[in-house]
Amino acid sequence: MELIVTEKEIAARRIAAILSGESAEVDRTNGVNVYEWGGKRCVGLSGHVVEVDFPPEYGGWRDVEPRELVDASVEKHPSRENIVRTLRLLARQADRVTIATDYDREGELIGKEAYEIVQKVSDAPVDRVRFSSITEREVSEAFAGPDAIDFDLAAAGEARQVIDLVWGAALTRFLSLSAKRFGGDFISVGRVQSPTLKLIVDREREIEAFDPQEYWELFADLDAEGERFEAQYFYDDDGSEADRVWEKERASAVYEAIEASERAPARSVRRRRRTDSPPVPFSTTKFISAASSLGLSAERAMSTAEDLYTAGYITYPRTDNTVYPDDLDVADLLEALSSHREFAEDAEALSEGDLDPTEGDDETTDHPPIHPTGELPDPGELGDAEAQVYELVVRRFFATVADSATWEHLRVVVGIERRDDGGAENEEDEHRLKANGKRLLEPGYHAVYPYKNASENHVPDVEEGDILDVADSRIEAKETQPPRRYGQSRLIERMEGMDIGTKATRHNTLEKLYDRGYVENDPPVPTGLARAVVDAAESFATQIVDEGMTSELESDMAAIARGEATLEEVTDESREMLSQVFAELSDSREAIGEHLRKSLKADKTLGPCPACDSDLLVRQSRQGSHFIGCDAYPDCEYTLPLPNQGTPQLLDERCEEHDLRHVKILAGRSTFVHGCPQCEADAADDAEDRVIGPCPNCGDSEGGELAIKRLRSGSRLVGCTRYPDCEYSLPLPRRGEIEVTDDRCVDHDLPELLVANGEEPWELGCPICNFREYEARQQAGTLTDLDGVGEKTAEKLEAAGVETVADLTTIEADTLATDVDGVSADRIREWQGQGSADGSAAD
């Protein structure tokens, strides 16, 4: 029996379908799908099923000095026990094993991990197959000519694992212990993450330090025989053309001259044609940049592209290549795409051209640029994001084989008589205004690729010497603007240019920064925690955030892949680098801790405590929940509750009555502004319970009644009046006015409720019936009911053991994110928020 091992379950399913001619049958072993046909079995892993970690004796943060981790040994152990057991079981029964994981550094390492598991229980020979798209042609050709595992490439991936573990764990523990941040509140540091964070913080510093300068721009509306167009004043600035006027008096003088003029002669008219070359093929970075124009984050774009690759519709999405391989038959691919209703017309038109694709500067031999495979999705098969990304990839391919576009540019310069020298004797004494027009003569690739700006600017076809009417004039006061924040795609381009991370990891690095509370919004804005960590690193150990260090290590790992260095050499060198960092840090531990605590305290301070002279802070309990507590604890025990969902973020807005900063609760799509926690608590204290009927738990025996209650945390519920002796309760929505109607539930003798929140009131009905319906939906709800979960993502979640919405709401987001490729912990929390906010539990 031949055993085929793929990187993911969904890839196993597709490869089994291709090789078996759709005849493979599926069985489950240890909760893992195994596909079988004709003497072959195919099983999918879940990415890495083996992880590296320190021995157990290094597990206690407070018992082990962080510096000890620098030289600590690293062990491997299974991270997905059920998959490893299944692989061992199948390997014992196999007489040949074929590794069919993704062809890149990480995929080669995953393949080597499977190889090592197999070798411990079987002497069966192990082959390696590689492909760039999961299509019938490529998969069949790959299995017809198997190769061997590239142990050098796998070692490069293993070096990254070890280096990232040692650097991340040692420095994370050092900074967290120094700042006394424990449990889930630890300070995360990473070899790639921290230099990336410094890029974001540095840009924010530039923005804050920017000193705007005032300037003026002047315009005139000109009329050429009834055709109006705009012209702008410009002048010669030491040989360069400038249109910003920095002195107000001069701007006013020029404006007066333009305003007083009725006519302006055309002093020069210049026409030229420009060729606009088509874009080069998609590398990963160029793809992410283009996908950002669709409103997709880097992580969402790559996750969607991964789904399309696994389905066989596009090639492997992690590539640096921008040159199509010689064996790509462009004509055949266009012919295949001409069978797609949406692309048929463009594909057929392109087939009649020269079909000479563009080429970029980067050419590699592992994977081609991202392009469609020619296998077409069925109508309606793709979700919204998948359809958007698929069209983007198809149209980028179209653009690379399309003709260049041709633009005609027209520049008109007119003269305006000066008023400060008694009139113009010649052209040199005039103020000048320019108008730049352009029109598209030949659309070329723009006809098939609408993602690049092709807007025209009309300027009438005037001749030199024509006299134009000055129809209107205006002066605009402006200020110079600070540099723009890096959008996600631009940040990834910067990381690539500085050799920070790899094509396969950069988008995941950004997601980690969001997940760990270092950045928010898009473009990413650094939080107070981010500033504190970068400030501390710059002050006490610059290598932590130095891109040169991580770039050097990336180069060393590439040398391993080429066979020019060994795993041991590179990991030993990285440990030596880390030893140097700790040599800088050791004498400054108290100072670092004080710096971090002071910075982080400011970021968590709401305002004055009403019970003493100290401040109120956001705190976290041992159970992980957040609340407001006094900085003087234990001398002052004043507290205020916070909602029991999401992560609190302090806003700049303050309560006028209590001088406390407002609180925003970050909970994915369920994010909301809580406001002043003191106001919320006071409102709950003042609110009277509204009794609506007998308690079904203790009403008959103890006389308990159900009442609508407002909690000090801002939540609302229907609960028993005998609380805490009776803890029966039902959730209510956080927002909206609750109206008790005269209609009653025949089953529970409770009034039906309405929630006024918007134009249409929400008919909540009987609170008991409503909650039971919600629980039933939770049990029966499918993953694809959640926003952003398509069939491909649902398959990934199911392969990780999450089969229902109820399963999803009970699992730890960070753990699940490590098992599901291309889905971040923050995204999982959004889905959990949707699941827990459904029905009457919605906020």
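**Starting point.** I am working with a predicted model, in which local features need pLDDT of at least 70 and side-chain atom pairs count only at pLDDT 80 or more, while totals for chains, interfaces and linings use all residues. Residues are numbered from 1 along each chain as its sequence is written, and side-chain values use heavy atoms, with hydrogens and water left out.

**Total.** I looked up the salt bridges (a side-chain nitrogen of Lys or Arg within 4 Å of a carboxyl oxygen of Asp or Glu), and the structure holds 56 of them.

**Lysine 434 and glutamate 241.** I found their side chains joined in a salt bridge at 2.8 Å, N to O. Lysine 434 belongs to strand 14 (residues 430–442) and glutamate 241 to strand 11 (residues 240–242), so the pair ties together parts 193 residues apart in sequence; strands (E, at least two residues) and helices (H or I, at least four) are DSSP runs numbered from the N terminus. Lysine 434 is buried at 12% relative accessible area, whereas glutamate 241 is partly exposed at 43%, where buried means under 20%, exposed over 50% and partly exposed in between (1.4 Å probe, protein chains only).

**Aspartate 631 and lysine 601.** I noted a salt bridge of 2.4 Å, N to O, between these side chains. Aspartate 631 sits in the loop between strand 20 (626–630) and strand 21 (639–641), and lysine 601 in helix 18 (residues 589–604), so the pair ties together parts 30 residues apart in sequence.

**Network.** I also saw that Glu217, Asp221, Glu230, Arg474, Glu476 and Lys478 are linked in a network of salt bridges.
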